[in-house]
Amino acid sequence: MDIWLGPADAAKDMLRAVLGPGAEIVREESGRPRVVGGPDFNLSHSGDLAVLAVSWERRVGIDIEQHRELDHLGMAARVLLPQEHARIAALPQRDQAAEFFRYWTVKEAFVKVTGVGLSGLPGPEYAAGALTVRGERWSVAELVLPQGYSGAVVSPGPPLAVRQRAWSPLSRDAGSARPSSPATRRAW
């Protein structure tokens, strides 16, 4: 699975460059976009960054969030499971915001891969680096991002290799967009 990181204001250009100019994108009944006859993909942006996940193996969901001020514990109580909220609340206050966004991006990536939207929250429990969905373990990979951002990619099934690449608007196609320092690791 390839993860492309680029500027948020060029997210659509990145999508076209990576998927190819001829990619026909349609919407599923749930509203989730897909490529006709092509790989599965998912796009997210926040702040100045965008991330794009592309997989030929299976469905993917991805989310990125720039950390911002909000009532992290209050939000955690509303959108996460009680045990996840308790884990965040047990941390020193200075660490709670980053931990909330870790959980949030995993949960958001999960609802994006399933196509159920935010009505799917709080979703399955995120523990030990994985989600368990109806008795099956799903892979989760947290992204390597600049300070102040959290991101995750979620996919049903066992771990797969995740290659994180930098994309530049100067790139004309995915083949010329080369990672400056690839972060390849197994999910989960």
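Two strands are said to pair if DSSP finds at least two bridges between them, and the strands themselves (E, at least two residues), like the helices (H or I, at least four), are DSSP runs numbered from the N terminus. On that basis β8 and β9 form a hairpin with two residues between them, and Arg-134 in the turn has a positive phi of about 45°. This is a predicted model, in which local features need pLDDT of at least 70 and side-chain atom pairs count only at pLDDT 80 or more, whereas totals for chains, interfaces and linings use all residues. Residues are numbered from 1 along each chain as its sequence is written, and side-chain values use heavy atoms, with hydrogens and water left out.

**The sheet**

- Five strands, in the order β6-β10-β9-β8-β7, make up an open sheet whose pairing is antiparallel.
- The edges are held by β6 (61–66) and β7 (126–127), each of which has a single partner strand, so one side of each is left without a neighbour in the sheet.
- Helix α4 (residues 93–114) packs on this sheet and touches β6, β7, β8 (130–133), β9 and β10, with its direction at about 150° to that of β6; such angles run from 0 to 180 degrees between N-to-C directions, and the axes are lines fitted to C-alpha atoms, for helices over the stretch in contact.

**Strand pairs and turns**

- Strands β7 and β8 pair in the antiparallel sense over two bridges, and across this pair Tyr-126 stands opposite Leu-131 in β8.
- The hairpin of β7 and β8 has two residues between the strands, and Ala-128 takes a positive phi near 55° there.
- Strands β8 and β9 run antiparallel and are joined by four bridges, with Ala-130 standing opposite Ser-139 in β9.
- Strand β9 (residues 136–142) pairs with strand β10 (residues 149–155) in the antiparallel sense, over four bridges, and Val-154 in β10 is the bridge partner of Val-140.

**Nonpolar cores**

- A nonpolar core is a set of buried Ala, Val, Leu, Ile, Met, Phe, Trp, Tyr and Cys residues joined through side-chain atoms within 4.5 Å; buried means under 20% relative accessible area, exposed over 50% and partly exposed in between, with a 1.4 Å probe and protein chains only.
- The largest such core has 21 residues, and those touching the most other members are Leu-80, Phe-100, Val-106, Phe-110, Leu-131, Trp-138 and Val-154.
- Two or more residues of this core come from each of α2, α4, β8, β9 and β10, and the largest share, nine residues, comes from α4.
- A second, separate core of 16 residues includes Ile-62, Leu-143, Tyr-149 and Val-153.

- Arg-32, found in the loop between β2 (25–27) and β3 (33–35), is buried, with a relative accessible area of 5%.
- The side chain of Arg-32 reaches the backbone oxygen of Val-60 at 2.5 Å, where a polar contact is a pair of N or O atoms within 3.5 Å; within protein, one must be able to donate a hydrogen and the other to accept it, and residues adjacent in sequence count only if both atoms are side-chain atoms.
- His-72 lies in helix α2 (residues 72–79) and is buried too, with a relative accessible area of 11%.
- A polar atom of the His-72 side chain lies 3.2 Å from the backbone oxygen of Arg-68.
- Leaving aside neighbours within four places in sequence, His-72 is in contact (heavy atoms within 4.5 Å) with Ala-97, Phe-100 and Phe-101.
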